[in-house]
Every structure is written in structure tokens, then in C-alpha cells.
Amino acid sequence: MEKLVESVRQSFVRKFGRRPVMIASPGRINLIGEHTDYNEGFVLPGATDRVVVMAVAERDDELCRFYSLDFDQSYETTLNRLQRSPLRWPDYLQGVLDQFLKAGYRIKGVDLVFGGNIPIGGGMSSSAAVEGGMAFALNYLYQLGLDLLTLTRIAQKAENEFVGVKCGIMDMFANLHGQAKKVMKIDCRTLEFEYFPFEREDVRVVISDTMVRRELASSEYNVRRRQCEEGVKILQKYYPAVKSLRDVTLEMLETHRQEFDPVVWKRCAYVVRENLRVEKACQDLKNNDFVAFGQKMNESHEGLKNDYEVSSAELNILVESARQVPGVFGSRMMGAGFGGCTISLVEAGAVDIFREKVSADYQKQTGKEPAVHVVRVEAGTRLLE
Ligand code: GLA
């Protein structure tokens with residue numbers, strides 16, 4: 001990471017001729033609890049050692065100058081002319097500025113350079129890292145004194161409103177609230193959360209990237225959201241207290257199954273079961289029982305594949321191959337799905353064999369080479385030095 005920090009810093013100094021504030025903003029993993037956040041359910045994410053590094057400095061006018069080291073592209077605008085860009089990456093920054101302005105916070109322009117090592121569009125929420133980092137930066141530069149939850153909400157709204165992706169709150173929440181060696185169980189209804197230790201040196205988190213990129217905005221994501229809402233509407237007729245799938249039990253679903261479109265029913269059943277799994281998986285973590293925990297990850301994947309239908313052939317190949325490696329506790333697709341990556345919990349001593357086998361199997365079956373990253377659970381968005 002030091003090299004990355006230095007190259008972002010030097011690039012800033014070369015471009016803008018002054019000293020920046022340096023910020024690291026991580027990508028996230030999610031151990032279990034997928035497609036539950038926008039159903040007001042539970043998730044279990046953590047921040048990682050894969051980060052976006054930002055060099056930023058305040059200005060005393062309205063100008064905003066951005067440079068993306070990874071794309072080698074510049075973008076310039078002013079606070080009163082924020083608009084979506086065909087370059088796309090500036091939108092994650094502009095969207096956050098837009099939210100600060102809409103909320104009436106007193107900010108000026110910024111000079112900013114950023115670069116990172118989170119696989120872009122790979123399911124580790126590189127976009128939330130940019131948004132969370134930007135929210136953190138503005139709060140710091142303009143001394144607004146906003147708390148992490150407010151910054152989290154701003155970052156999510158930036159994505160929802162400016163970028164136009166109706167994502168839930170998990171990614172930004174994990175990005176801003178992460179702690180080293182801890183994952184967090186978030187109640188996505190109340191936004192109460194609890195840290196769980198995740199510190200076993202003999203267990204590694206391995207991210208396997210299909211290298212297939214999906215367009216979250218144009219994907220099935222919004223369709224799934226609508227299907228969940230449809231299920232809620234049906235049950236509300238009988239159970240007025242039901243506000244979201246969070247309030248739904250398997251029993252309710254069984255009782256009214258006939259009234260559901262079968263596809264909508266499957267979607268809802270998946271979400272209800274996944275919420276139950278998160279609760280139990282947290283218990284497994286407390287008991288230090290990674291075997292039981294891994295089984296729940298496997299079940300989560302089966303649900304995402306068969307009932308929620310957001311997996312892909314590539315993701316399934318990675319998961320199936322991973323599960324054949326002795327020393328793998330569990331493996332499943334992570335994030336929105338369709339492309340991106342899988343997450344596996346692997347015994348430290350089995351990581352090399354894992355890498356070899358999964359890469360070989362994937363290459364044989366798809367002709368593509370996957371990227372395999374061992375990641376650590378690290379602190380959330382923070383100032384450097
Ligand atoms: C994406 C979204 C999150 C969440 C996951 C699925 O990462 O940004 O809010 O819905 O998909 O769990």
C-alpha cells in the first residue's frame with residue numbers, strides 16, 4: 001500500500017503543486033447476508049486491505065479538479081455545474097458533492113487525485129469506496145463534524161440519486177465503519193450494528209474474481225427489488241405489520257404461497273432464509289465454529305443460485321471448484337451477482353492449492369483466467385499519517 005500512497009501523493013503534488021491530505025478508503029467483503037440490505041435485513045461485511053487512496057485539498061472557490069490515476073483521466077467542473085459524465089468515475093465524486101450541497105453543508109471545491117487496488121467493478125464495492133472516501137474527505141476538509149452514519153447515508157444517496165443505482169446501505173456502511181480484524185453485523189432497518197471478532201490467523205478470506213463485469217444499474221438488481229416489494233404487498237393484506245421482507249416468516253410465505261407468482265415466492269423465500277442464516281452464522285462466529293459458518297455460506301450460495309437467481313455460470317464454476325479443495329470451509333458468490341467475485345474461507349495452509357486448483361479449473365472451463373486475492377479485514381475509511 002505504501003507504493004500506492006506515494007504514487008497518489010506525488011501525482012497530486014505534480015498536478016496541483018501543493019500538499020494534500022491523504023485518505024485510505026477500503027473495498028468491502030461480505031461474509032454472509034446477500035440481497036438482504038434493501039429488504040431491511042441483516043448483513044455481515046467487513047472492510048479490507050484493498051483500498052482507494054485519495055489525495056485531496058480544499059479550495060477557496062467553487063472549482064473541482066479530479067484526476068484518476070488508474071484511468072489516467074482528468075475531469076474539471078464547478079459546484080454549480082455538477083452533471084453526469086461519460087467518463088463515469090467522476091460521478092461517484094460529483095454525486096457526493098451534490099449530496100453535501102443538497103443538505104446545505106458549507107463546502108467549497110476540491111482538488112483530488114485518486115488511485116487504488118480494489119478490482120474495479122469486481123464486487124468489492126470500489127464505487128462505495130470512492131463515495132465513502134469523498135464524503136469522509138469533505139467532512140474533514142471543511143470541518144463539518146458529521147458522524148459516520150451521516151456520511152454513510154450521504155454516500156448511499158450519492159449512488160442512488162446521482163449515479164442512479166438503487167443499492168442498499170451495506171457497502172458504504174462497511175466502508176466507513178470497518179475495523180481491523182472485525183466484521184460487523186448490521187441491522188439494515190435500524191442501522192444498529194455489532195462488531196464480531198474475525199481474527200483467526202489460520203483462516204484466510206480469499207476473493208476469486210471471475211473477471212466478468214456486470215452493469216449493476218442495468219442488471220437484474222432493480223428487478224429483484226421490485227419482486228421483493230411485490231411479495232411484501234401480498235402479505236401486507238393479511239399482516240398489516242409487515243413493512244418489508246424483514247418482517248416476514250417462512251410460515252407466512254407457506255400459508256399464502258398460492259397467491260404468489262412462483263418466481264416472486266422463490267425470491268422472497270430466499271431473503272427470509274438468508275436473514276435467518278445471518279443470525280445463525282453470527283452465533284457460529286461467536287462459537288469460533290468455522291465449519292458450521294462455512295456451511296451457511298454454501299447454503300447462501302445455493303439460494304442465490306437457485307432461488308434468487310443472481311449467480312452466473314462463471315461464479316458457479318469458481319464456487320464448485322473451491323469446495324473441492326480440502327481446507328475450504330465455505331464458498332459463495334459475493335455482492336450483487338451476475339459477475340464479480342466469490343468469497344471463500346480457506347485454511348491458511350490450503351491457500352496455495354486453492355489458488356492452483358481454482359485457477360486451473362476456471363481456465364479449463366471458461367478459457368479465462370480468474371484473479372485470486374487473499375484479503376485481510378482492516379480498518380474503514382481513515383486519514384493516513
Ligand atoms: C450490491 C449493493 C448492496 C447489496 C449487494 C447484495 O453490492 O450495492 O447494497 O444489495 O449488492 O447483497
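Me: How far is an oxygen atom of the ligand from a polar backbone atom of Gly168?
Reply: This is a predicted model, where local features need pLDDT of at least 70 and side-chain atom pairs pLDDT 80 or more, while totals for chains, interfaces and linings use all residues. Residues count from 1 along each chain as its sequence is written, and side-chain values use heavy atoms, leaving out hydrogens and water. For Gly168, the gap to the ligand oxygen is 2.8 Å.

Me: Which residues put a polar side-chain atom 2.6 Å from a ligand oxygen?
Reply: One such atom belongs to Tyr221, 2.6 Å from an oxygen of the ligand. The other, again 2.6 Å from a ligand oxygen, belongs to Glu34.

Me: What share of the ligand's exposed area does the protein bury?
Reply: Start with the ligand taken alone: it exposes 310 Å² (Shrake-Rupley, 1.4 Å probe). Of that, the protein buries 98%.

Me: How many residues of the ligand shell are charged?
Reply: The shell (a heavy atom within 4 Å of the ligand) includes Arg28, Asp37, Cys167 and Ala336. Counting Asp, Glu, Lys and Arg as charged and Gly among the polar ones, it splits into 5 nonpolar, 3 polar and, for charged, 4.

Technical notes: Polar contact = N/O pair within 3.5 Å; in protein donor to acceptor, adjacent residues only side chain to side chain.
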